[in-house]
Amino acid sequence: MISPRTLRNLRSELRRSALAKLGVTLVVGIFLMAVFAPVLAPHDPTDQNLNDSQLPPLGFSTTENRTTSEFVDGEVTIVEEEVTVNATAEHPLGTDSLGRDVLSRTIYGARTSLLVGVIGALLAVLVGVTYGLVAGYYSGRVDDGLMRAADVMLAFPSLVLAIALIGLWGRAAIRIPDPFVAAGITPGMPPDIVLPGTVVLVVALVNWGWFARVARGEALSLRSQEYVTAARSMGAGDAFIIRTHVFPNSVTPILVLATIQVAAIILLESALSFLGFSGATLSWGFDIAQGRQYLSSSWWIATMPGIAIVLAVVGINLVGDWLRDALDPGIEQGEGGV
Amino acid sequence: MSLGRFLIKRTVHGVFVVWGVVTVVFGLRFLTPGSPVNAVAPLDASQELRQRIARDLGLNKPLYEQYFDYLFSLLQGDMGYSYLRGIEASTLVLGRVPATVELAVAASFIAVVLSIPLGVIAANRRHEPADYGATLFSLVGISTPNFWLGIMLILVLSVQFGLFPTSGRPLGLYPALALLVTEGAPGGLLRWLHHIFLPAVTLGTYFTALITRLTRSGMLDELGKSYVRAARAKGLPEALVRYRHALRNTLVPIVTVVGLQLGTLIGGAVITEAVFSWPGLGSFLIRSINVRDWPLIQGSLVVIGVSFVLVNIVVDALYAYLDPQVVTE
């Protein structure tokens with residue numbers, strides 16, 4: 001499946017291309033951020049502190065109108081004054097409308113995005129590749145029937161279908177205990193990692209068709225190869241041939257597509273969270289929706305999580321380019337982006 | 001196979017897909033927890049009233065009968081009546097189509113007009129600053145969530161500088177053009193442009209970036225091929241070689257990818273509409289889902305699915321025109 005030659009190609013492409021290096025760096029960075037979120041985040045991302053709300057990020061200051069009432073000579077006078085709010089080192093990226101630390105929330109947001117992106121893409125690979133390999137291997141009628149069904153799934157724009165399904169099915173969340181908190185390393189941080197279950201299912205459901213298409217194309221061209229005919233003439237069963245001959249030889253384009261799809265799913269998840277459909281409340285998309293209401297007073301609330309999304313998706317897309325250039329298959333691009 | 005037969009075959013295939021789409025949309029209601037009666041009945045409705053509502057909505061009929069009823073009324077353009085507003089669903093749904101089409105067309109226009117020249121320039125000046133700039137733009141452009149881009153544009157251009165309105169569509173293109181014709185003043189058209197500019201840029205950026213990227217890499221591929229060397233060797237002007245030969249061949253894969261990405265355009269329109277309160281099909285669908293107004297949900301999904309299939313057939317025809325080989329395969 002992964003030959004020494006493939007590894008050599010990957011390494012030399014990585015050495016040659018600065019963009020590939022940037023991509024790997026970004027992806028590793030975001031990955032570490034997601035895994036070690038409780039250690040890296042300076043504050044509990046859900047901790048509210050209304051006294052410190054809407055603090056600007058370091059290097060910026062804002063003005064705010066504050067009214068105070070004073071009791072002078074038996075009369076109440078209301079004094080309105082303009083106060084300059086300075087950034088504090090405690091909150092390097094500022095705080096949101098409820099005084100929650102934007103940096104901590106941005107770090108924690110990586111978890112939701114990566115979990116949904118990776119698990120969603122894996123599910124889509126599992127279903128789509130099996131489906132596509134069967135369709136392509138048997139070809140003919142089976143292929144026609146199966147691929148028509150996949151066409152119907154792809155006939156819906158993925159975001160539209162995802163909105164419809166989640167809006168209608170509700171937002172089941174799976175709570176996984178955070179290992180760092182459970183082990184007592186970072187007490188006081190949120191005890192659970194919230195995985196938006198419906199979102200994972202739905203993103204897989206709207207994206208498996210792309211994998212089915214690619215896997216089918218590969219299986220279709222591999223089924224008439226001599227080694228497959230040889231295996232068949234020796235009495236090997238279809239399931240065995242698909243598993244040991246067809247699948248391993250179609251891994252490369254599937255891997256590249258899967259990488260690009262992780263990026264597409266991260267964008268999809270952020271869009272769903274932005275619309276309030278995902279149920280995740282520690283998510284980049286959700287924070288952008290929150291910050292949108294404070295655009296005129298606190299631009300950073302919506303800006304920071306967006307930058308995080310762009311960096312993550314740029315990184316994954318660059319890794320996808322790197323894999324494609326190094327392994328160089330003729331690859332059909334899936335639907336991507338929001 | 002002739003071009004005509006190819007198109008007929010694609011259309012027949014399209015009809016099957018549309019049928020599938022309608023079936024999925026119909027089935028969606030039965031995969032969803034909660035009875036549609038809940039959307040209509042008051043909270044304290046008696047059992048008797050709930051049953052009467054179910055009968056009125058045709059929910060007490062057997063499933064297959066409901067399905068065929070649905071298919072046949074759809075064929076006659078009847079999408080039922082909105083549960084909450086009692087108006088024909090088709091009127092409400094189709095009334096939202098122009099705004100979405102305007103937005104999608106404006107975004108595609110921006111994308112095509114900017115991206116192909118940008119990609120060609122990048123390919124012509126390989127390893128020069130213009131090339132790096134175009135590459136960086138296309139990389140960031142395909143990686144930016146468009147709702148966030150929209151918010152950032154609002155933040156900078158509307159909130160800070162007050163150049164564009166933050167939301168809404170006071171005037172459609174048709175009324176704007178009608179004003180231009182009847183009054184001869186471009187005011188209506190300018191107002192339309194003023195409002196559609198930010199949403200169109202928001203929706204179009206991803207495609208601009210994508211097509212720039214494809215044009216650049218496609219041009220570089222083609223320019224390295226032997227027919228280009230042959231054309232140069234026989235003394236054809238460089239511009240002719242580049243634009244008549246190389247660019248034309250670059251367009252073929254671009255049309256394919258853009259065809260595959262149409263779903264992204266429609267999905268992107270949904271969320272762009274949500275950001276800019278653009279009164280199109282997308283924001284309509286989101287609102288209908290929130291109140292479980294089934295005839296409106298189904299109607300919007302059918303319209304989106306069917307137009308997607310139609311546009312794909314058009315793309316296939318364009319593809320067949322650009323690359324006659326696909327017809328014979």
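**Close-up views of chains A and B**

**View 1. The contact between chain A and chain B.** In this predicted model, 42 residues of chain B and 37 residues of chain A take part in the contact. On the side of chain B that touches chain A, two or more residues come from each of α1, α6 (129-143), α7 (146-160), α11 (238-260), α12 (262-276), α13 (281-290) and α14 of chain B. This side of chain B comprises 30 nonpolar and twelve polar residues, with no charged residues.

**View 2. The crossing of α5(A) and α1(B).** Helix α5 of chain A (residues 140-154) packs against helix α1 of chain B (residues 3-28) at an angle of about 65°, and their axes are 9 Å apart. The crossing of α5(A) past α1(B) is right-handed. From α5(A), the contact draws on A:Arg148, A:Asp151 and A:Val152, while α1(B) supplies B:Phe16, B:Val17, B:Gly20, B:Val21 and B:Val24. Of the residues in this contact of α5(A) with α1(B), five are nonpolar, one is polar and two are charged.

**View 3. Helix α1(B) and its buried residues.** The 26 residues of α1(B) should span 38 Å at 1.5 Å a residue, and the distance of 37 Å between its end C-alpha atoms agrees with this. The buried residues of α1(B) are B:Val17, B:Val21, B:Val22, B:Val24 and B:Val25. These buried residues pack against α5 of chain A, and also against α4 (63-75) and α14 (294-322) of chain B.

**View 4. The two domains of chain A.** Domain 1 of chain A covers 4-55 + 92-327, and domain 2 covers 60-90. The C-alpha centres of these two domains of chain A are 46 Å apart.

Methods. Residues numbered from 1 in each chain as written. Chains lettered and ligands numbered in written order. Predicted model: local features only at pLDDT ≥ 70, side-chain atom pairs only at ≥ 80, totals over all residues. Axes fitted to C-alpha atoms, helices over the stretch in contact; angles between N-to-C directions. Helix = DSSP H or I, 4+ residues; strand = E, 2+ residues; numbered from the N terminus. Left-handed = near helix turned anticlockwise from the far one by under 90°. Contact = placed C-beta atoms within 7 Å. Nonpolar A, V, L, I, M, F, W, Y, C, P; charged D, E, K, R; others polar. Domains from an automatic or database assignment. Expected span 1.5 Å × (residues − 1). Buried ≥ 20, exposed ≤ 12 C-beta atoms within 10 Å, placed from the backbone.
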